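Let's take a friendly look at the pockets of this protein and at one pair of its helices. Here comes the model.

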Amino acid sequence: YTMGSGPLTVSITAGCHADEPTGPMTAQMLPRLLQAHAPDLLERFSFRVAPQMNPDGADRNRPWFSETPNFLTYLTHAHRELPGDDVEFGFSECPEARPECRAAIPFLWHHAPVVAHFSLHGMAWAEGAWYLLNAPWAERSQALREQLYAITAAQGMGLHEIDRKGAKGFTRIAEGFATTPSSVAMRAFFDGENDPEMAKKFLPSSMEVAMATGDDPLCMVSELPLFLLDVPPAIDDPVLFRFRDALNAARAAGDQESLEQLIKTFRVTPVPFETQIRLQFAMMVCALNQVASRRDCASR
């Protein structure tokens with residue numbers, strides 16, 4: 001769908017990964033949210049939105065989906081596409097690309113250069129929120145980061161801490177912030193692992209296509225956990241990896257007691273969808289206000 005009447009174009013994709021339902025919720029609610037809370041943005045920007053990029057993947061995840069997801073049910077029924085069938089790294093009009101991606105490109109990006117692009121994602125679990133933005137905007141993001149720090153804390157959530165040191169395109173900017181991954185960096189990573197077959201499966205991401213429109217867009221990805229790990233962050237020993245290894249060991253043990261003990265140890269709790277939607281909406285509003293402010297300054 002399209003909305004807004006402004007001269008600056010914004011593109012939004014959601015649902016690229018099948019086991020991340022909050023992005024489509026936010027994208028479907030966005031017209032009402034903007035009208036109620038930020039109507040000025042509808043006059044400043046024109047929006048082109050693909051609110052569900054992966055409908056068949058969403059259908060495959062329905063067995064675990066509920067108003068309050070259960071962690072054990074999620075583990076049993078969650079489905080996620082492998083590279084080569086991954087919608088986010090499939091935005092190409094080549095015959096090998098998924099038809100959803102081929103259809104989305106002319107709708108989202110053939111009309112005008114975009115000044116911002118948002119790809120609404122999530123994480124299965126983490127100790128807090130993680131926000132990704134494209135590298136050209138990393139040094140310009142301090143005010144945006146400060147706003148999102150405060151808003152995230154007000155929603156009762158911390159920040160995800162990890163430093164992937166540039167692998168796959170993830171470079172840490174600051175606490176809770178990193179650069180967006182890229183297909184180029186993904187291919188380089190797997191080539192370095194002597195896996196050229198995997199490397200060639202990575203086509204451009206939505207962020208890369210948006211950046212190629214040529215209007216210096218701010219591109220952001222929301223990574224909000226479905227399940228919160230209530231343990232302190234540690235950049236030298238990331239909670240994400242500690243939990244992953246403990247989960248693999250518990251599943252290998254093959255008994256319910258090990259999994260239930262894991263849930264208690266990491267204090268795993270579902271994050272209310274309302275909280276996730278609030279944070280995704282806040283990310284977009286704060287980012288668009290930054291884009292508008294920067295363009296106002298440039299025009300003076």
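## Pockets and a helix pair

Helix α10 gives the largest share of the lining of the largest pocket, 6 residues. Helices here are DSSP runs (H or I, at least four residues), strands are E runs of at least two, and both are numbered from the N terminus. This is a predicted model, where local features need pLDDT of at least 70 and side-chain atom pairs 80 or more, while totals for chains, interfaces and linings use all residues. Residues are numbered from 1 along each chain, and side-chain values use heavy atoms, without hydrogens and water.

| Pocket | Volume | Residues nearest the centre |
|---|---|---|
| Largest | about 1200 Å³ | His17, Glu20, Arg80, Arg164, Lys168 |

A pocket is an open set of points on a 1 Å grid where a 1.4 Å probe fits, with protein on both sides within 12 Å along at least five of seven lines; lining residues have an atom within 4 Å of a point. A volume is the space filled by probe spheres set on the points.

The largest pocket's lining has 37 residues: 21 nonpolar, 5 polar and 11 charged. In the second largest pocket, helix α1 (residues 22–37) gives the largest share of the lining, 3 residues.

Back to α10: this helix packs against α11 (residues 256–265) at about 160°, with the axes 7 Å apart. The two are therefore roughly antiparallel (an angle over 145 degrees, taken between N-to-C directions). Among the residues that meet are Phe243 in α10 and Leu259 in α11, with contact meaning heavy atoms within 4.5 Å.

Methods. Nonpolar A, V, L, I, M, F, W, Y, C, P; charged D, E, K, R; others polar. Axes fitted to C-alpha atoms, helices over the stretch in contact; angles between N-to-C directions. Parallel < 35°, antiparallel > 145°, perpendicular 65-115°, else oblique.
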